[in-house]
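Here's a quick briefing for anyone opening this model for the first time.

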Amino acid sequence: MLLTSCRIRGVMSEKTSRIPGFYKLDIKTRLEKVAEFAGLTEEEKSLLLKEGNLDLKTADIMIENVIGTMAYPFAVAANFLINGKDYLVPMVIEESSVVAAASNAAKVMRRDGGIKSKTTGPYMIGQIQVLGVKDPWYKRMLILDAKDEILAQANEQDPVLVKLGGGAKDVEARVVESPKGPMIIVHLIVDVKDAMGANAVNTMAEAVSPLIEKITGGKTLLRIISNLADKRLVRSWVKVYKEDIGGEEVVDGIVNAWAFAAADPYRAATHNKGIMNGVIAVALATAQDHRAIEAGAHAYAARTGRYLPLSTWEKDEDGNLVGSLEMPMAVGIIGGATKVHPIAKIALKILGVKTAQELAEVMGAVGLAQNFAALRALATEGIQKGHMKLHARNIAVMAGATGELVDKVAEIMIREGKIKFNYAKELVEKLSREGEADKSA
Ligand code: MEV
């Protein structure tokens, strides 16, 4: 527990994180408490309260204990052609190079109608854990036999979803050996249509648990969605022509890079991180539950008992590069933050997607393109060159460069291998002086 002594208004007082009723205070009062605790300045306080494109009122209803908002860069990746349709892809991310890499990759993936991407359907899994059953295999049969009754009860919870053609569609049951003995795990398979689905699925799982208890004579405990959404997959694939990427040598390099990931989980984690750079940037822009997407992706990558890359890169019979990706993609365009966050609404408008499945298709395609960009860079010049350019520009801006000076300062620092803040400052001063002198000459 954080508990240190400090002197406030001349009296020794305890600095404590225990603030009863913190959640009930308004934003400004909460911020005052935090400011006192952390010694925030007036400037820092007003920066936190500065209203950007997410107003404080909306922020305050989205989560608890809000003391401000935080802005991230919102960018758009260009050049994406997916299933024959052009997309400008909104991306929110703190890492430089990702958006540029996605745009560049998409540029060489426009032939033959671009990247292909399809989904398996918006089926989510709700899990119900059943404990204390002496004859779990027998009771499993009884659960499966009561499928229609279970589904009917689940569907009573969401008549709107059912009217749209969605709702609970199937029941599965497994006997799982756990460290606490066998337990029955029931899966409710729900077509959630355009929602991410957690609310609908959790409500249904809770609603059917008394019936499951009646059938089994056991006790249900957890009733919750599974983020291993392996019935809601996106599959994306693309052919990249060898002449568009520097020839067969580059194709071989990318295939070898993929093989490394397929053989070594240490590399597979980084390989998949590159995919998630693209996927999560779109998820953030459209206010998805990105933790759910991450959890699903990594669980799916490890589904065989070994952590594997989510994508595959091969060379076809003509020497071209062909790539494919398969991963869970639980995203929604109705409900949740997608409809509350004003920027998420704009992001969806820029994308122009009509269904959650279309959004999933775009995100799979972006993941594949992002992965290609990383492997191409790694297998050729290495990624530091591109990174350094942006890094140097950032340092130049931090050192006070504006306009044309940004690129000039960055170029000199890269050329001289000295990408340092102090050096950037020196250069900004020197070049500004020279610029002034030129003007007055
Ligand atoms: C960096 O954010 C992502 C990469 O490390 C992905 C990869 O190594 O494939 C470049």
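K273 puts a polar side-chain atom 2.6 Å from an oxygen atom of the ligand, which counts as a polar contact (a pair of N or O atoms within 3.5 Å). This is a predicted model, where local features need pLDDT of at least 70, side-chain atom pairs count only at pLDDT 80 or more, and totals for chains, interfaces and linings use all residues. Residues are numbered from 1 along each chain as its sequence is written, and side-chain values use heavy atoms, with hydrogens and water left out.

- Two elements give two or more residues to the shell, α10 (265-285) and α13 (356-379); helices here are DSSP runs of H or I, at least four residues long, numbered from the N terminus.
- The largest share, six residues, comes from α10.
- The residues around the ligand (a heavy atom within 4 Å) include R267, H271, G274 and L378.

**Domains**
- The chain is split into domain 1 (4-119 + 232-382), domain 2 (123-225) and domain 3 (385-440), with bounds from an automatic or database domain assignment.
- The C-alpha centres of domain 1 and domain 3 sit 30 Å apart.
- Their contact (heavy atoms within 4.5 Å) takes five residues from domain 1 and four residues from domain 3.
- About 390 Å² is buried between domain 1 and domain 3, and carbon and sulfur atoms give 50% of it; buried area is the accessible area (1.4 Å probe) that two parts lose on being put together, summed over both.
- On the domain 1 side, S96, S97 and E381 lose the most area to domain 3, together 80% of what that side buries.

Terms used:
Polar contact = N/O pair within 3.5 Å; in protein donor to acceptor, adjacent residues only side chain to side chain.
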